[in-house]
Amino acid sequence: MRSRTRRAFEGALLALGLTATSAAARAGSCDELVASARAHEKGGEPEIALRQYNDAVVLDPTCSAAWLGLGSLRARTGDPAEAERVYEAALTHVPSLAEAVAGRARARRQLGRAQEAEDDMRAYADGLASRGETRGSLAAWVELASWLGAENRPPAELACWRRIAELAQTLDPALESRARATVSALVWVVGDADPVTHPPRRDLLRSVAARLHLR
């Protein structure tokens, strides 16, 4: 009995070892395929790069770099619909892959789905901030502000620049100055539609915030 138990135990250890070896091999192969795909991208061979990124995600569906490379290349080669599908698949296999949310936002914007794109970029920016990645969050808000400006949506753009001014205080003084100047200009454009400077019910905190143009 003891001998059979020992053999079973050793068999289990062997199986675990083989599984770990297989996972390591997949990771190594994935990294190699991604590196080769990137080299072909730089060399002006997108078709080969696409095949290698595809091979990498088939080999290892958790290969984040392959998903991001594949989605980005699809978007750059003029196929935002396929790029969106790639990012959706990436988030199915790697739910924590925040960059895929940003990629999906950009693809949706290319497809003309502005509100979905905005929602994704906000979620991406907030997610980075919650993890303490303030610089990344700030960059995401700046990108979103540029979208809103291009879409001529002053109230939403104003709210975005207020957030940028707040985040940039300790990170980027030049950006903070630019953000405050933009807020001041947009306040005049938005006028009575601004809930900060013209709230339904004024109180001390809102009045102070309005004067500072932070909220």
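Select Arg 76 and Glu 41: their side chains meet in a salt bridge, with N and O 2.0 Å apart. A salt bridge here is a side-chain nitrogen of Lys or Arg within 4 Å of a carboxyl oxygen of Asp or Glu. Helices (H or I, at least four residues) and strands (E, at least two) are DSSP runs, numbered from the N terminus. Arg 76 is exposed, at 53% relative accessible area. The cut-offs are under 20% for buried and over 50% for exposed, with partly exposed in between (1.4 Å probe, protein chains only).

Before the next stop, a note on the model. It is predicted, with local features needing pLDDT of at least 70 and side-chain atom pairs counting only at pLDDT 80 or more, while totals for chains, interfaces and linings use all residues. Residues are numbered from 1 along each chain as its sequence is written, and side-chain values use heavy atoms, with hydrogens and water left out.

Now zoom out to the whole chain. It has 10 helices and zero strands. Of its 215 residues, 36% count as buried.

The structure holds 17 salt bridges. Select Glu 151 and Arg 109, whose side chains form one of them (3.9 Å, N to O). Glu 151 is in the loop between helix H7 (134-150) and helix H8 (154-168), and Arg 109 is in helix H5 (residues 98-110), so the pair ties together parts that are 42 residues apart in sequence. Glu 151 is partly exposed at 28%, and Arg 109 is partly exposed at 33%.

Next, select Arg 163 and Asp 126, another salt bridge, with the closest N and O atoms 3.7 Å apart. This pair links helix H8, where Arg 163 lies, to helix H6 (residues 114-130), where Asp 126 lies, across 37 residues. Arg 163 is partly exposed at 27%, as is Asp 126 at 36%. For a group of bridges, select Glu 84, Glu 88, Arg 104, Arg 108, Arg 113, Glu 116 and Asp 120, which salt bridges with shared partners join into one network.

Show the contacts of Glu 157, leaving aside neighbours within four places in sequence: Ala 145, Leu 148, Gly 149 and Leu 186. Contact means heavy atoms within 4.5 Å.

**Two packed helices**

Select helix H2 (residues 46-59) and helix H3 (residues 64-76), which pack at an angle of about 145° with axes 9 Å apart. Axes are lines fitted to C-alpha atoms, for helices over the stretch in contact, and angles run from 0 to 180 degrees between N-to-C directions. Among the residues that meet are Leu 50, Tyr 53 and Val 57 in H2, and Trp 67, Leu 70 and Leu 73 in H3. The residues of this contact divide into 11 nonpolar, two polar and one charged. Here Ala, Val, Leu, Ile, Met, Phe, Trp, Tyr, Cys and Pro count as nonpolar, Asp, Glu, Lys and Arg as charged, and the others, Gly among them, as polar.

Finish at Gly 69 in helix H3. Gly 69 is buried, at 11% relative accessibility. Its C-alpha atom is 9.8 Å from that of Val 86, which is 17 residues away along the chain.
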